[in-house]
Amino acid sequence: MVVSVLLALSVASTLPAHPSDCTPPAPGAKEAESCGGHTNDGCDLLSHPTEPIDFGVALVATFWSNDVQRDTDFFRFVLTKPSRVIARAWSTELLQFAIVDACFIVDSNVGTCTDVQACLPAGVYNVFVAPLDSNPACGAASSTYTVLLELLPADPACTPLMGDIDRSGTVDGIDLSMLLDRWGTTDPGSCDMNGDQTVDGRDLGMLLGAWAP
Ligand SMILES: [Ca+2]
Ligand SMILES: [Ca+2]
Ligand SMILES: [Ca+2]
């Protein structure tokens with residue numbers, strides 16, 4: 001399949017060497033979706049199913065692909081305040097790797113051992129992983145990969161403009177329209193400005209309070 005468009009907060013003191021050292025960290029969690037399943041296909045399904053990923057816990061997962069379809073994995077995380085994050089991946093297969101804001105790619109990369117990072121406002125996001133230009137089969141060692149999500153230090157400062165959902169540098173009618181489009185969805189992204197995992201009148205009030213066209 002093809003992507004449609006695509007906590008406590010503590011700063012990690014030591015980040016694993018990457019990508020020069022392509023040895024994955026010790027596993028701390030396992031993907032709930034079995035290889036061949038469709039329980040975290042995210043933006044590829046109308047219901048946007050995802051799985052949670054915890055900061056600082058290496059998640060071992062699987063994916064598969066053939067010439068027609070591929071497994072797409074979406075791992076959800078929540079930011080309750082503006083934060084700079086980095087997601088790292090280890091795989092023997094080429095993979096497509098991204099941080100996704102309500103089905104829009106914030107930052108992406110391609111590689112076997114690769115990473116993406118971004119300064120994000122409070123909200124609900126996903127780490128996206130899928131095989132690229134290869135056909136790993138379920139059960140093969142090549143179907144296994146590892147993902148680690150970390151918070152980066154607050155220096156340099158991460159101060160995204162509240163309410164600027166499209167990251168244009170202004171808070172205007174386009175941002176308001178995007179917020180209304182995500183009203184009540186299960187995939188609020190940065191429209192969930194107070195980090196309570198819903199888009200409602202409280203977020204609308206925050207956007208209007210930050211209005212800066
Ligand atoms: Ca999977
Ligand atoms: Ca904007
Ligand atoms: Ca909210």
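Two strands pair if DSSP finds at least two bridges between them. Strands themselves (E, at least two residues) and helices (H or I, at least four) are DSSP runs, numbered from the N terminus. With that in hand, look at F77: this residue stands opposite Y125 in strand 7.

A word on the model comes next. This is a predicted model, in which local features need pLDDT of at least 70 and side-chain atom pairs count only at pLDDT 80 or more, while totals for chains, interfaces and linings use all residues. Residues are numbered from 1 along each chain as its sequence is written, chains are lettered from A and ligands numbered from 1 in the order in which they are written, and side-chain values use heavy atoms, with hydrogens and water left out.

Start with strand 4, residues 73-79. Strand 4 pairs with strand 7 (residues 123-131) in the antiparallel sense, over 7 bridges. Strand 4 also pairs with strand 2 (residues 51-52), here in the parallel sense and over 2 bridges. P52 has R76 in strand 4 as its bridge partner. Strand 4 is mostly covered, with 6 of its 7 residues buried. Buried means under 20% relative accessible area, exposed means over 50%, and partly exposed lies in between (1.4 Å probe, protein chains only).

F77 and Y125 turn up again among the rings. Together with F55, they form a cluster linked by ring pairs. Rings of Phe, Tyr and Trp (its six-membered ring) pair if their centres lie within 6.5 Å; planes under 30 degrees apart count as stacked, over 60 as edge-to-face and the rest as tilted. The whole structure holds 4 aromatic pairs.

What surrounds these strands? Nonpolar side chains tend to be buried together in soluble globular proteins. The largest nonpolar core here has 24 residues. F77, V85, F97, V127 and V129 have the most contacts inside this core. Strands 3 (59-62), 4, 5, 6 (104-120), 7 and 8 (144-151) each supply at least two of its residues. Strand 5 gives the most, with 6 residues. A nonpolar core is a set of buried Ala, Val, Leu, Ile, Met, Phe, Trp, Tyr and Cys residues joined through side-chain atoms within 4.5 Å.

Now move to the charged side chains. Side chains of opposite charge can pair when their charged atoms come close. A salt bridge is a side-chain nitrogen of Lys or Arg within 4 Å of a carboxyl oxygen of Asp or Glu. The whole structure has 4 of these salt bridges.

One of them joins D101 to R182, with the closest N and O atoms 3.1 Å apart. This pair links distant parts of the chain. D101 sits in strand 5 (residues 83-101), R182 in the loop between helix 1 and helix 2, 81 residues apart. D101 counts as buried at 2% relative accessibility. R182 is buried too, at 8%. A network of salt bridges links D101, R167 and R182.

R202 takes part in two further contacts. Its side chain meets D200 in a salt bridge at 2.7 Å, N to O, and D196 in another at 3.7 Å. R202 is exposed, with a relative accessible area of 54%. D200 counts as buried at 17%, and D196 as partly exposed at 29%.

D192 lies in the loop between helix 1 (173-181) and helix 2 (201-209) and D203 lies in helix 2, so the pair ties together parts that are 11 residues apart in sequence. D192 is buried at 0% relative accessibility, and D203 is buried at 0%.
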